[in-house]
Each structure stands twice: as structure tokens, then as C-alpha cells.
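Me: Could you take me through the interfaces in this one? I'd like the cut-offs spelled out as we go.

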Protein chains: 2
Amino acid sequence: MAGRDLKPLFYPKSVAVIGASRTPGKIGYEILRNILEYGYKGKVYPVNPKAEEILGLKSYPNVLSIPDKVDMAVIAVPAKIVPSVLEECGKKGVKAVVVISSGFKEIGNTALEEQIVNIARKHSMRLLGPNIFGLYYAPPKLNATFGPKDVLPGSIAFISQSGALGIALMGWTILEEIGLSAVVSVGNKADIDDADLLDFFSEDEHTKVILIYMEGVRRAKEFMMVAKKVAMVKPVIVIKAGRSEKGVKAIASHTGSLAGSDLIYSAAFKQCGILRASNIEEAFDWARALAQLPPIPKRDDAVIITNGGGLGVMATDACQEYGIKLLEVPEDLIAEFRKYMPPFGSPYNPVDLTGQATEKEYYGAIATALNDERVGIVIMLYCETAVANPMKVAEALLKARKEAKTDKPIVSAMIGGEETEKAIRELNRNGIPAYPVAERAISSLAALKKWMEWRTRRGAG
Amino acid sequence: MAGRDLKPLFYPKSVAVIGASRTPGKIGYEILRNILEYGYKGKVYPVNPKAEEILGLKSYPNVLSIPDKVDMAVIAVPAKIVPSVLEECGKKGVKAVVVISSGFKEIGNTALEEQIVNIARKHSMRLLGPNIFGLYYAPPKLNATFGPKDVLPGSIAFISQSGALGIALMGWTILEEIGLSAVVSVGNKADIDDADLLDFFSEDEHTKVILIYMEGVRRAKEFMMVAKKVAMVKPVIVIKAGRSEKGVKAIASHTGSLAGSDLIYSAAFKQCGILRASNIEEAFDWARALAQLPPIPKRDDAVIITNGGGLGVMATDACQEYGIKLLEVPEDLIAEFRKYMPPFGSPYNPVDLTGQATEKEYYGAIATALNDERVGIVIMLYCETAVANPMKVAEALLKARKEAKTDKPIVSAMIGGEETEKAIRELNRNGIPAYPVAERAISSLAALKKWMEWRTRRGAG
């Protein structure tokens with residue numbers, strides 16, 4: 001399995017940073033600092049012939065002079081000296097190289113790119129890049145990127161073909177509190193590509209969802225073969241840029257990838273069980289939900305519980321549009337729901353507790369839904385009111401979930417101001433995907449459903 | 001014109017709060033407090049037969065005992081005594097009544113609702129409600145709602161048929177720094193309805209965009225007639241819930257409105273030049289852009305300027321999908337753009353300044369685009385990098401706009417962490433619609449284009 005080869009990349013016992021720098025702002029400084037400050041526990045060796053010491057570590061003139069084994073090398077030197085550095089890495093017995101340097105195929109320098117791939121192959125080294133911002137992997141606390149330092153550990157593996165976008169999104173995930181198991185900048189994909197990474201992450205117990213930003217695919221056949229296998233095990237979400245004719249043209253001038261017909265991509269993704277998101281926000285919305293939610297039960301009817309009728313209607317629209325079935329509430333359950341609302345509330349679906357609802361009514365209605373086997377999914381909606389504190393409503397939901405006999409998918413949308421935003425964060429931190437609009441919650445639920453249905457069609461349990 | 005009748009509602013010289021309360025948390029307390037604390041400069045009279053003084057103001061036993069004229073009365077008393085209170089208001093010469101109280105048609109009490117409308121008509125009073133959370137209008141600093149206190153003044157008038165959702169969205173606009181000229185809770189629309197309000201806001205110089213959350217329409221013919229006229233003057237955005245069959249059913253149990261076929265609504269909206277948003281986020285995205293952007297020039301080709309190729313590609317896809325034309329960059333302009341990028345950048349469209357761009361390159365490229373008459377629209381994209389501080393990039397954009405010879409629509413999407421979020425806010429505060437994803441920026445631009453095209457077809461300049 002190709003994935004196995006990648007172990008030295010993700011779990012190196014020692015890392016050399018070749019082209020390490022003493023100057024803040026330089027890539028060779030930022031990467032070394034991120035590695036040290038993020039808490040990597042393995043050995044770290046800066047390589048820079050002009051320095052004695054960098055960031056408190058002894059610096060070596062070249063990789064061969066390091067008096068120890070080196071599993072992985074991060075290379076941030078000018079393109080033209082990458083070949084000789086790689087030869088040295090090969091001689092040293094380095095097993096994986098992360099080539100940050102740019103100046104290869106992306107600017108037409110195809111020969112130089114072929115040369116470095118050949119050197120890597122000759123020495124049985126796997127090569128990530130070139131033209132990348134690095135690699136982050138949560139389990140060994142390895143942040144070998146020149147992106148943001150404080151990435152949140154989590155269970156989403158993010159693979160990006162775009163550099164600037166990838167780094168910017170790393171920062172955005174911190175802001176949005178989205179936890180990542182890995183960030184892999186693949187750049188020119190000269191050696192390691194999406195298929196290799198899918199293979200690795202499919203067996204990685206720390207990764208629950210794989211999210212790829214892609215402009216073009218290398219080794220299309222292998223990619224599809226691997227993707228089909230991986231999607232049986234865990235969800236694969238792809239943002240494939242270049243949906244439009246002009247977008248395809250823009251890709252050509254960006255990464256030089258042949259983007260090809262979008263229809264072909266769409267058909268291929270569908271066949272492989274890949275979930276195709278149309279933009280970044282949607283992709284991470286889905287990823288968050290798929291990383292957190294338990295499977296949808298066989299009886300998959302959803303119940304919407306709301307304190308705002310209008311919000312309930314919009315969610316109902318979204319459920320129908322996204323193919324989420326709503327439960328026809330049976331008589332006995334109607335009577336149950338009625339206990340938690342004033343006479344002018346609605347015990348049908350959406351269950352409208354009305355603006356008079358406090359966290360107590362929310363708790364009662366949610367617990368009722370969670371503990372009834374005819375209910376497969378709970379969608380909790382909330383409009384900020386004076387009588388129902390958003391954090392208390394969030395806590396009521398968490399309590400009801402904790403006490404429930406079975407684990408069902410729950411998603412939430414909460415509308416309001418600052419306090420509501422905090423409650424949304426609280427739910428997300430505790431494994432309930434929560435959003436500021438109903439449509440995003442339901443679209444995420446639909447992604448889970450779509451993925452599960454594909455697996456069922458393919459013969460999974 | 002019906003709209004003129006509403007002047008006492010929006011510009012009252014004096015307001016009575018009937019059912020004012022001394023108990024925090026009670027609706028009659030919250031409304032009075034909001035009126036006082038938000039800074040309304042007219043006279044305020046609490047009415048409560050059991051109180052001597054409320055919130056430092058002398059309280060009156062009934063509206064007739066107020067020793068002064070009363071233009072508008074906010075009524076928050078139990079439904080069954082609303083008729084007698086209205087009779088007193090009529091005798092007093094009150095010109096507009098805001099009936100907060102619920103317990104009318106929404107719970108089947110149609111007769112009581114007819115009764116209050118008849119009393120209002122008899123005394124030539126306009127009636128807002130019943131079953132509402134009140135009214136906010138920025139020019140007289142009047143926040144007569146029991147919603148959030150610190151609404152941001154601005155130029156979007158928001159009309160909501162849903163109470164809980166309306167209040168929650170008021171809070172959300174504060175969080176998102178979206179300025180509102182008005183919030184009108186229309187509830188049962190017993191007298192004042194969407195057509196009346198459209199009419200008023202069309203002539204209101206403080207309102208640039210009208211945004212309506214609607215479940216059903218009253219007086220469909222009048223609504224369409226007025227909407228068609230208003231949409232020639234300013235954009236009207238509608239979120240019409242009940243797009244799906246189940247959503248229509250949910251509406252019936254929420255407000256009792258007959259939602260009717262969604263296809264009919266869609267066709268009617270289109271004919272009237274109404275922009276139909278599919279959810280809250282989209283509606284406010286559009287509203288923000290339409291309130292801020294200058295008209296699109298006749299030469300309406302857009303230029304995308306980015307420091308991230310991938311982001312540029314996604315924006316290109318979105319432009320093609322939303323019908324925004326991209327400029328084929330002419331030779332001389334290519335040479336101009338080249339000045340602001342390294343050799344491996346792209347001067348075509350998207351103009352890719354690369355991840356090496358600082359605010360200087362952004363400034364140069366943006367100024368070039370803004371000052372070239374072949375460019376009609378500028379779309380600025382940004383991925384957070386170490387070399388380009390997001391706030392400095394935002395400032396560069398604002399500077400270039402300030403110095404530009406002509407005013408062109410500019411929208412922006414900025415991806416990154418906390419600092420980037422601040423830069424997005426800075427742009428929005430200064431009239432450049434900015435978003436955390438490219439698609440939302442371009443969808444907003446497309447809404448402006450769609451509205452302008454409708455007006456042109458209808459014969460506007």
C-alpha cells in the first residue's frame with residue numbers, strides 16, 4: 001500500500017530543516033519556529049552552513065553532518081540547489097522530503113522537477129511538493145508549515161493544491177474553531193499526490209473526514225480506485241475549482257494543471273462516493289458535521305424543534321430541498337410534545353415551542369424526540385429571545401443528548417447576537433454541528449445522508 | 001398615497017406606551033426602556049393605571065388623561081382589552097397604533113381582529129400588528145421594540161412577518177455590523193401590510209434597500225403594483241418562506257397565512273423586479289451590497305485581483321455561474337498589471353499578484369483597474385499571508401477607491417484568521433461589501449446587476 005510509505009512523513013522521529021534561517025519572516029525561520037513552538041517531541045536539526053545556532057538549536061552545515069538518523073527533511077532552499085540537497089538526503093538515509101521551494105513545473109521548469117523526482121526515487125525517498133507551504137499533522141504535534149502556528153487539533157484532514165488559499169484557510173479554521181488532524185500542501189504533486197494521501201488517511205485513526213481542495217488530478221485512474229475504497233471507510237469531500245470554462249482557463253495559468261471537463265469530474269466524483277462541495281464554507285460545514293455526527297439510523301425521519309415559526313418554515317423548505325424526510329408526528333407523540341408548549345404552539349413538525357419557550361421546554365421536547373425510536377434525526381432551531389438564554393438552550397440540548405438511550409444525529413441552527421454566537425461555539429465544541437443559519441445545518445445533514453446512501457448502494461452495512 | 005399615512009408611525013412627536021410595566025422582563029417594561037435608552041427625543045408617556053412612575057417618568061391611568069397630544073401609541077395589554085384601549089386612543093386623536101398584543105387571528109380569534117381594525121378605521125388610525133414585537137426607525141432614534149437595544153443605524157429597512165426570527169435577526173445584525181434604517185414587525189398585518197410599507201420606504205431618503213421576510217402576502221394585487229413601482233427606485237429583497245410543499249403546510253400552522261403556490265410567487269416577484277433570496281444570509285449579503293455599491297457602469301466587465309490563484313479560480317467559477325463578465329485584459333493593461341507582480345504572476349484575469357504581494361502591489365493593481373475605463377467592476381480577493389497584512393491591504397483598497405476618478409462597484413472576499421476578520425469589518429464599515437468567501441461577494445454583485453437589468457428593461461436610465 002502506497003499509504004504505508006508515508007509513515008516517515010507523518011511520524012518522523014527526527015526532522016531536519018534544510019535552509020533554516022535566523023531571520024524572522026524568512027520561510028526557513030518560520031517553519032523551524034512552528035515545529036518547535038507547536039510542540040513536536042522528536043529531534044529537530046536546523047541545517048544552514050552559515051549559522052552556528054538557530055532558535056537555540058545547534059545548526060549543521062549540511063544534512064550529512066548531523067550525528068544521528070534523520071527520518072524527514074523539510075527543504076527550503078533555492079530551486080537550483082534542491083537536487084544536490086536531495087542527493088545528500090538520499091545518502092543520509094532520509095525517508096521523506098518536504099520540498100517547500102518553488103521554481104519548478106509551476107514556472108515551466110519541468111526538467112528540474114523531473115530531476116528531483118528521479119533523485120528521490122533513486123534513494124527510495126517519498127517527496128511532498130515542490131512549491132508548497134509544508135505539512136501539519138496533529139498526532140506527533142508536527143507543524144512543519146510556514147502557516148499559522150496555533151492550528152486546532154481535530155479529526156479533519158485537509159489537503160490543498162493551492163498554497164495561499166491553504167495557509168489562509170488554516171488561519172480561518174482557527175477562527176472558526178474547526179479542528180484538523182492534518183494539513184497537507186501538495187503543490188505540484190511531483191511525487192506524493194491525492195491518491196497516496198487518501199490511502200494514508202483512510203487508515204489513519206486520527207482522521208474522520210478527508211477534505212481536498214483540488215484544481216486538477218494526477219493519476220486519475222489510481223485516484224478513482226483509491227477514492228472508491230476510501231469513501232467506504234470515511235467521507236471524502238472535494239472542492240474542485242474550475243467548474244466553469246473561464247475557471248479552467250484560470251487554472252491553467254495558476255498551477256498549470258489540465259483541469260479537464262467539469263462534467264467528467266462530477267461523474268467521476270459521484271461514482272467514487274466523493275462529496276463535492278461548491279465552495280469553502282460548504283466544504284467545511286460538511287466536514288465538521290461528518291466528523292462529529294453518528295450514523296443516521298434506518299428510521300431516518302427528522303424532527304425539527306424550534307421557538308420561531310418562521311425559522312421552522314425555512315428549515316422545512318431546506319429539508320425538502322435537500323432530501324431530509326420529516327416525521328409525520330404520530331398521535332401519542334403529538335400529545336407528548338404538547339406538554340412543552342403553550343396552547344398556540346404546534347406539536348406537528350416543525351415542533352414550534354413558540355417564543356415563550358425556555359430551556360426547560362427545549363429540554364423536554366428534545367429529550368422526547370431523542371428517546372422515541374420513530375425519530376431518526378433531531379434538528380434544533382433557536383431564535384434568540386429574552387426568555388430563553390442561548391447558552392442555557394445549548395446546555396439543555398447537550399444534557400438531553402447525554403441522557404438519551406441512543407446516539408442520533410443532531411444538528412442545530414441558532415440565530416441571534418453575541419450570546420448566541422457563544423452558544424453555537426459551545427455546541428460545536430461538544431460535537432453538535434451548529435450554524436448561524438438553518439440551511440447550512442440541513443445541507444450538512446444531507447451530506448451525511450448522501451454519503452451513507454452511497455455506501456449502502458455499494459454494499460456496506 | 002398610503003405611505004404618507006404612515007408618517008405618524010415613523011415620525012411621532014409623542015409616544016404613549018399603554019401597558020407600560022415596572023417589571024424588568026415584561027414586554028411593557030422592555031419597550032419603554034428601549035424607547036428611552038435608544039435616545040428617542042420626542043415625548044414619552046407610560047400608561048399604567050396601577051403605577052405612579054415608571055422608569056423615572058410619570059405614569060398615566062389611561063391615554064385620555066395625558067395632558068398633551070399623542071401621535072402614536074404602543075399597546076401591550078391583554079388582547080381582550082385592546083378594543084377599549086383603541087377606542088380611547090381614537091378619542092384622544094392618536095394617529096397610529098402599534099399593537100404588540102397577541103391573541104388574535106393567529107390563534108383563530110378572527111372576530112376580535114376585525115373588531116380592532118374597525119375601531120382603528122373609524123378613528124382614522126393606522127394600525128401595525130397585532131401580534132408583533134414592535135417598530136424601530138433610525139431617523140427619530142425610535143426603538144419601540146422589545147428586541148435588542150443597540151441596533152446599528154444604517155440604510156436597510158427590514159420588514160418581518162415572523163416575530164421570534166425578526167428579533168433574533170435584529171441581534172444578529174448587531175453582531176454582523178449591518179446597519180438598519182428600520183425594523184418593522186408586521187405580524188398579522190391586520191391593517192398595515194407590505195404594500196403600505198413598501199410605499200413608505202420607497203420615498204424614505206434614509207432607506208436604500210428594503211428587505212422583507214414574508215410567509216404570505218395580503219392584497220396580492222396592490223403588493224405587486226406597489227412593488228413594481230418601488231423596485232424602479234430602490235432594490236426590494238424578499239425571503240419568501242414556504243418554497244416547498246411541506247413548508248407551505250408549516251406556514252399554515254405558524255401564521256395561518258395561505259402561502260399559495262411557490263411558482264406563482266416566483267413569477268410575481270420576477271415580474272416586479274423583486275430579488276428573491278433563498279435564505280437569511282444571502283438576503284443580508286445582498287442588502288449590504290445593494291445599500292453600499294454605486295451603479296454598475298455601462299462597460300460592466302469585472303477584473304479579479306488576488307494574491308491566491310486558487311481563490312481566483314473559485315471566484316472565476318462563481319462569476320461565470322452568476323453572470324458577471326470578466327474583462328479580456330487588453331495588451332496595454334497586461335503590461336500595467338505586470339508591474340505589480342513577480343514574473344510568475346498572472347496579469348490576465350484573474351490578476352494573480354501571487355502570495356508575494358504586499359499592500360503596495362494590491363494598491364498598484366487596484367488603482368490601475370479603477371482608473372481604466374474598460375474596467376467596470378473590481379473584485380478584490382485576499383488570502384492571509386505573512387507578507388500582506390490584511391488591514392493594510394484593506395487600507396490600500398480604500399485609498400485606491402478614494403483617489404479613483406470614477407466610482408465603480410468594488411466587492412471583496414478575504415480569507416484568513418482574526419486579523420482578516422477585522423479587515424473585512426473595516427471594509428464593510430467603509431462601504432465596500434466584504435465577505436469571508438468569494439461566492440458570497442459575487443452573488444451580491446450579481447444581485448445588483450440583476451436589479452439594474454430589470455430596471456433597464458422597464459425603461460429606467
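Reply: Let me start with a term: buried area is the accessible area, taken with a 1.4 Å probe, that two parts lose on being put together, summed over both. This is a predicted model, in which local features need pLDDT of at least 70 and side-chain atom pairs count only at pLDDT 80 or more, while totals for chains, interfaces and linings use all residues. Residues are numbered from 1 along each chain as its sequence is written, chains are lettered from A in the order in which they are written, and side-chain values use heavy atoms, with hydrogens and water left out.

Me: ok, how is chain A divided?
Reply: Chain A is divided into domain 1 (2–290) and domain 2 (295–457), with bounds that come from an automatic or database domain assignment. The centres of these two domains of chain A, taken over C-alpha atoms, are 38 Å apart.

Me: and what area is buried between domain 1 and domain 2 of chain A?
Reply: About 1,500 Å², of which carbon and sulfur atoms give 54%. On the domain 1 side, A:Glu177, A:Met232 and A:Asp285 lose the most area to domain 2, together 29% of what that side buries.

Me: how many salt bridges across those two domains of chain A?
Reply: The rule, which asks for a side-chain nitrogen of Lys or Arg within 4 Å of a carboxyl oxygen of Asp or Glu, finds four between domain 1 and domain 2 of chain A. A:Glu177 also has a salt bridge with A:Arg425, at 3.0 Å from N to O.

Me: switching topic, how many residues does each chain put into the contact between B and A?
Reply: Taking contact as heavy atoms within 4.5 Å, chain B gives 57 residues and chain A gives 57 residues. The area buried between the two chains is about 4,400 Å², with 63% from carbon and sulfur atoms.

Me: salt bridges there too, how many?
Reply: Eight are found across the interface of chain B and chain A. In one that involves B:Arg243 and A:Glu321, the closest N and O atoms are 2.6 Å apart.

Me: which helices of chain B supply at least two residues to the side touching chain A?
Reply: Among them are helix 6 (163–175), helix 9 (245–254) and helix 12 (309–322) of chain B, where helices are DSSP runs (H or I, at least four residues) numbered from the N terminus. Helix 12 of chain B gives the most to that side, with 10 residues.
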